[in-house]
Amino acid sequence: MNLFEQLGIGPKTVQAITELGFEAPTPIQEQAIPELLKGNRDFVGLAQTGTGKTAAFGLPMLELINLDLRQPQALVLCPTRELCLQITNDLVNFSKYLGQVNVVAVYGGASIINQMRDLKRGAHIIVATPGRMLDIINRNVINFDNVKISVLDEADEMLNMGFQEDINSILSHTPDTKNTWLFSATMPNEVRRISQNYMTDPFELTVGNRNEGNANIEHEYYVAKARDKYAAFKRLVDFNPEIFGIVFCRTKIETQEIAEALIRDGYNADALHGDLSQQQRDKVMKRYRDRSLQLLIATDVAARGIDVNDVTHVINYSLPDDVESYTHRSGRTARAGKTGVSMAIVNSKEMGKIRQIERIIKKKFTKCDIPNGFDVCEKQLFALIHKVHNVQLNDQIDQYLERINAEFADVSKEDIIKRFASLEFNRFLDYYKNAPDLNARVDEREGRERVGERGERGERHTMRGGAGKFTRLFVNLGSLDDFTRGDMLRYICDNAHVSGSKIGRIDVKGVYSFFEIESDNVDKIFEGFKSKDFNGRQVRVEISQDGDRKREERRSGFGGGERRSFGGNREGGNREGGERRSGGFGGNRERNGERSDRGDRGGRGGFGGGNRERRPSSSEDKRGRW
Ligand code: AMP
């Protein structure tokens, strides 16, 4: 007998989850399912995402629902739209063979009319974010009289996000006789209070230790000076050619800046944060899930609950404010029994935070060196060789083989291999030639950096200097045409055939935008947009008058000359001699005193070009407690 059947799950559901690859229950499923199936008790489960908790409540929920009654019988509340869609999707998958189970997702940022229409058709299960659920309740279009199960998923996070009153209000519309199942990664007093207010003698279950991380995650840290952080980060990405990662930043601004810098540097990255519209967030998430994005740059809130399989690395570009967030972040990798790496790039003053995390997650970090240029080249070379070895052969090449063989008639096999490898290797070697050591030496006892005697500063200076003048252009397309800054960047690059590194600041307004382009590329822009149409409208590009800009800056609140986003001190940046700027942050970065990230290059994220794309968009600032 199947292990899930032994727990009491029906054969049709077992068939569906078997097809999803569920062979054996996870610990929380094993313990929760039999208890929840009884359908007569409240429940508190202390468990992180990644433990299989959705199935732990979803499977018994499906067993307990009366499919003949087309009325809401279960209500799942969760903090974010992403999680809402994920849970809905899981429930739909689990119930594939049960017949007509109607699961309706209710969340903000999408048409409330459509959602109400779906609800009127008769939902068995509603999965909702609290704000939108309350909106719908207030329109008197829903009847919760038959609700027998309410689930509060990621309760701690819902409370963090200020949903307490909404939850109270929603639950007051449900019958007292229902059972409440609460899941939370942590049990702060507020959550404890909810469990006391809404539950009677709940069955309590803790899976793993409160904050204890997943045993399959390796934790690593790298020490770099603040000004070398971006360069160090790129090294780590380049050193892991097969990376499929989530990169966490502390603020929306930082998230946006890093994503844009990466895009400019030719990486396949995009940003996910709360300033994006729901549509934009969906688009980004779809691309990430489809793996057409390699790096997702995210804030904690936006990435909450994201369940994407096979994330290889979580990179803490900045450490979070608290250890709980670190656990949430690292839990995006090593899901469903896989392994993963959680990396933190820290400065020497942050060693205390690392030690604090270690104490709480009860796992040691490994201190690793930021790879040097040679190591990166070697890693990339072998990734290429491996790729060549495993590539699917294309039969269409056959017709050219004779000519190709003739061309190589005088070259040995060894030489051919060498030539193919050199083709890509030379380029990478070029990027990494003279790449400085980015490791900041740390004296742990003193917790201070020892500045390299090798004159790192000197090296840095040689990388800067020179001039790259920018011209500001106006274009009659903007956010009302659905352009984000990233879309605009891509649109310009694609049409004018210029590299993203030639483009400076982009300001997307309602029906128009401004962008900077290195002055010697202005003609390419005019050429590229000559007789160009966008949705039947002639695209118009003009050189912007300085007055336009001042007006814009006044309107948008940018103080005289200060630039929050990168692209600031352009005059100071060296963009010549084939050197690739390692990506932005040239502006006055007041927040942390960082200036340009300077010397490291490594522009393209890997050999072979890959499908590097462009896109993203803008700001958040949070608490600070350690
Ligand atoms: P969750 O904690 O519910 O977000 O689940 C984490 C991931 O584990 C999801 O991708 C699930 O599809 C997967 N999963 C859950 N239960 C099992 C299981 N018993 N066997 C294999 N994968 C599972």
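Ser 531 is exposed, with a relative accessible area of 63%, where exposed means over 50%, buried under 20% and partly exposed in between, computed with a 1.4 Å probe and protein chains only. In this predicted model, local features need pLDDT of at least 70 and side-chain atom pairs count only at pLDDT 80 or more, whereas totals for chains, interfaces and linings use all residues. Residues are numbered from 1 along each chain as its sequence is written, and side-chain values use heavy atoms, with hydrogens and water left out.

Ser 531 sits in the loop between helix H22 (522-529) and strand S20 (533-534), the helices (H or I, at least four residues) and strands (E, at least two) being DSSP runs numbered from the N terminus. Its phi is positive, near 50 degrees, although Ser 531 is not a glycine. Most residues other than glycine have a negative phi. Lys 362 also has a positive phi, of about 55 degrees, and is found in the loop between helix H16 (351-361) and strand S14 (366-367); Lys 362 is exposed, with a relative accessible area of 55%.

Turning to the ligand, 17 residues surround it, and the closest are Ala 24, Gln 29, Gly 50, Gly 52 and Thr 54, a residue being near the ligand if one of its heavy atoms lies within 4 Å of it. An N or O atom in the side chain of Gln 29 is 2.8 Å from a nitrogen atom of the ligand, while a backbone N or O atom of Thr 51 lies 3.1 Å from a ligand oxygen atom.

Definitions and conventions:
Polar contact = N/O pair within 3.5 Å; in protein donor to acceptor, adjacent residues only side chain to side chain.
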